Amino acid sequence: MPTKRKQATLRKPRSDAQRNRERILEVAKGAFTRSGANTSLDDIARDAGVGPGTLYRHFPTREELLEAVYRTEMEKLASAEQKFAEELPPIEALRAWLLLFVDYIAAKQLIAPALNALLGDPKKVFEASYARMWEAIRALVKRAIKSGDIRKDLDPVDLLRALIGVANVASSPDWQQSARRLVDILITGSRPAK
């Protein structure tokens with residue numbers, strides 16, 4: 001019997017099950033963003049077009065769903081570095097990633113309080129994802145320096161600090177537009193002096 005169970009856990013999920021999981025995560029992100037941690041899981045299931053059993057099969061608890069939403073957003077951010085590096089010139093790849101980082105900040109600001117409320121101390125959830133994020137920004141900046149698009153003394157962390165700073169002082173709902181404008185200001189200010 002244990003071998004059957006082990007085989008079942010190693011088997012790749014069916015494509016419809018994977019689509020359901022992804023749809024649940026996308027709908028849950030929006031719901032947690034709008035309504036916080038106490039959003040109805042039945043409403044999330046309904047809006048995702050699945051039954052409550054399907055939601056609970058993928059995410060047995062509210063905490064697991066919140067954690068999965070956060071981790072999925074971090075994964076998207078981290079993996080976007082590779083995609084942008086392959087598809088865009090170095091400076092445009094950096095710009096595209098920084099714009100995506102603004103979206104990540106928005107998601108974290110909304111999801112973090114919910115995780116705090118449910119988990120007490122979500123540091124482990126956040127810390128596990130930070131290393132990949134730092135690797136991504138460092139790789140993009142290194143590529144842009146190598147191409148001559150930005151100056152050699154740019155510290156990648158400074159770019160992130162500037163964007164996080166805008167988010168932390170944000171008291172109005174339009175902080176994201178301001179942060180998006182700041183990305184272009186940061187890119188312009190990072191170019192080498194002529």
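Before I start, when I say buried I mean under 20% relative accessible area, with exposed being over 50% and partly exposed in between, using a 1.4 Å probe and protein chains only. Keep in mind that this is a predicted model, where local features need pLDDT of at least 70, side-chain atom pairs count only at pLDDT 80 or more, and totals for chains, interfaces and linings use all residues. Residues are numbered from 1 along each chain as its sequence is written, and side-chain values use heavy atoms, with hydrogens and water left out.

Helices here are DSSP runs of H or I, at least four residues, numbered from the N terminus. Let's begin with α5, residues 62-87. Its buried residues include L65, L66, V69, E73, L77 and F84.

Now, what packs on α5 at about 100°? That's α2, residues 15-35, with the axes 9 Å apart. Axes are lines fitted to C-alpha atoms, for helices over the stretch in contact, and angles run from 0 to 180 degrees between N-to-C directions. So α2 is roughly perpendicular to α5, the label for 65 to 115 degrees. Contact means heavy atoms within 4.5 Å, and the residues making it include I24, A28 and F32 of α2 and L65, V69 and E73 of α5.

On α2 itself, the buried residues include A17, I24, L25, A28 and F32. Just after α2, G36 takes a positive phi of about 85°.

T54 sits in α4, residues 52-58, and counts as buried at 15% relative accessibility. Not counting residues up to four places away in sequence, T54 touches N20 and I24.

Then there's L163 in α8, residues 156-168, buried at a relative accessible area of 0%. Leaving aside neighbours within four places in sequence, the contacts of L163 include L98, F101, A179 and L186. L98 is 65 residues away along the chain, with the two C-alpha atoms separated by 8.4 Å.

Conventions: Helices (H or I, at least four residues) and strands (E, at least two) are DSSP runs, numbered from the N terminus. The expected span of a helix is 1.5 Å times one less than its number of residues. Angles under 35 degrees count as roughly parallel, over 145 as roughly antiparallel, 65 to 115 as roughly perpendicular and the rest as oblique.
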